[in-house]
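Please keep the sequence and the 3D view at hand while reading.

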Amino acid sequence: CCRSFTSVKRMEEEVVQGALDLLHAPADAAGFMTTGGTESIIQAVQTCRDWSRARRRDPAHRGNIVVSESAHPAFNKAANLMDLKVRRIPTAVDLRADVAAMEAAIDGDTIMLVGSAPSFPHGVIDPIAALGAVAQRRDVWLHVDACVGGYLAPFAKELGYDVPDFDLGVPGVSSLSADLHKFGFCPKPASTVFYG
């Protein structure tokens with residue numbers, strides 16, 4: 001790709017850099033384009049799994065992912081591909097992730113927490129800052145699935161709407177997925193995944 005299609009590589013770099021700026025990424029953050037939200041989620045889960053295995057010095061560790069019931073089914077697909085387990089936790093009464101219940105579900109094998117910005121079934125943004133605090137306290141990876149809101153919520157916030165912090169600027173967020181083919185107004189399939 002880099003030698004044969006230099007213009008494509010340049011376009012990807014420009015899109016990624018613009019998105020990293022939009023999503024308040026730290027200076028050392030990185031990302032790339034994928035063929036859709038499911039692939040972005042799979043890439044984030046694989047990166048987390050590999051990071052966790054390297055930290056544990058256990059190349060065969062079978063971890064688990066703690067997600068809200070409202071999280072996208074792609075997390076189950078990713079877990080099935082990588083021989084991981086998914087723990088789906090009922091939402092709180094406001095239909096957002098139940099942070100206390102998710103923290104209670106963490107054990108020594110948990111590698112990832114997931115928050116949505118927003119969730120597909122309810123269109124609400126999970127309490128990402130609170131999940132980030134849990135991720136830091138419990139030393140686990142936090143992925144934010146912003147496939148729907150990643151390219152919409154920052155602009156809604158700029159217009160004065162009450163949009164909670166959800167992006168790579170939130171302490172504890174390790175990765176984020178955002179679909180260009182939703183509110184990025186890009187033809188399908190096009191998504192992005194970022195690592196903070």
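The sections below treat the sheet, the helices packed on it, the salt bridges and the cysteines of this predicted model.

## The sheet

Seven strands form an open sheet with mixed pairing, in the order β1-β7-β6-β5-β4-β2-β3. Its edges are β1 (30–34) and β3 (85–89), each of which pairs on one side only. On average, neighbouring strands are turned by 20° against each other, direction ignored.

At one end of this order, strand β2 (residues 64–68) pairs with β3 in the parallel sense over five bridges. Within this pairing, Asn64 stands opposite Lys85 in β3.

## Helices packed on the sheet

Helix α1 (residues 6–22) packs on the sheet and touches β1 and β7 (191–195). The direction of α1 makes about 125° with that of β1.

Helix α5 (residues 128–138) also packs on the sheet, where it touches β4 (110–116), β5 (141–145) and β6 (173–179). Its direction makes about 170° with that of β4.

## Salt bridges

Side chains of opposite charge can pair when their charged atoms come close. The structure holds 11 salt bridges. Helix α1 contains the pair Lys9 and Glu12, which are three residues apart and so separated by about one helical turn; their closest N and O atoms are 3.9 Å apart. Lys9 is partly exposed at 26% relative accessible area, whereas Glu12 is buried at 18%. Arg10 and Glu14 form a salt bridge at 3.0 Å, N to O, and they are four residues apart in the helix, again about one helical turn. Arg10 is exposed, with a relative accessible area of 55%, while Glu14 is partly exposed at 47%.

A further salt bridge, at 2.6 Å from N to O, joins Asp107 and Arg87. This pair links distant parts of the chain, 20 residues apart: Asp107 lies in the loop between α4 and β4, and Arg87 in strand β3. Salt bridges that share partners also join Glu103, Arg137 and Arg138 into one network. Glu103 belongs to helix α4 (residues 99–104) and counts as buried, because its relative accessibility is 18%. Beyond its neighbours within four places in sequence, Glu103 is in contact with Val134, Arg137 and Arg138.

## Cysteines

Cys48 is buried, with a relative accessible area of 0%.

For Cys186, the closest cysteine sulfur is also in Cys147, at 14 Å, too far for a bond. Cys186 is partly exposed, at 29%. A search of the whole structure finds zero disulfides.

Key:
Residues are numbered from 1 along each chain as its sequence is written. This is a predicted model: local features need pLDDT of at least 70, side-chain atom pairs count only at pLDDT 80 or more; totals for chains, interfaces and linings use all residues. Side-chain values use heavy atoms; hydrogens and water are left out. Helices (H or I, at least four residues) and strands (E, at least two) are DSSP runs, numbered from the N terminus. Buried means under 20% relative accessible area, exposed over 50%, partly exposed in between (1.4 Å probe, protein chains only). Contact means heavy atoms within 4.5 Å. Two strands pair if DSSP finds at least two bridges between them. Axes are lines fitted to C-alpha atoms, for helices over the stretch in contact, and angles run from 0 to 180 degrees between N-to-C directions. A disulfide is a pair of cysteine sulfur atoms within 2.5 Å. A salt bridge is a side-chain nitrogen of Lys or Arg within 4 Å of a carboxyl oxygen of Asp or Glu.
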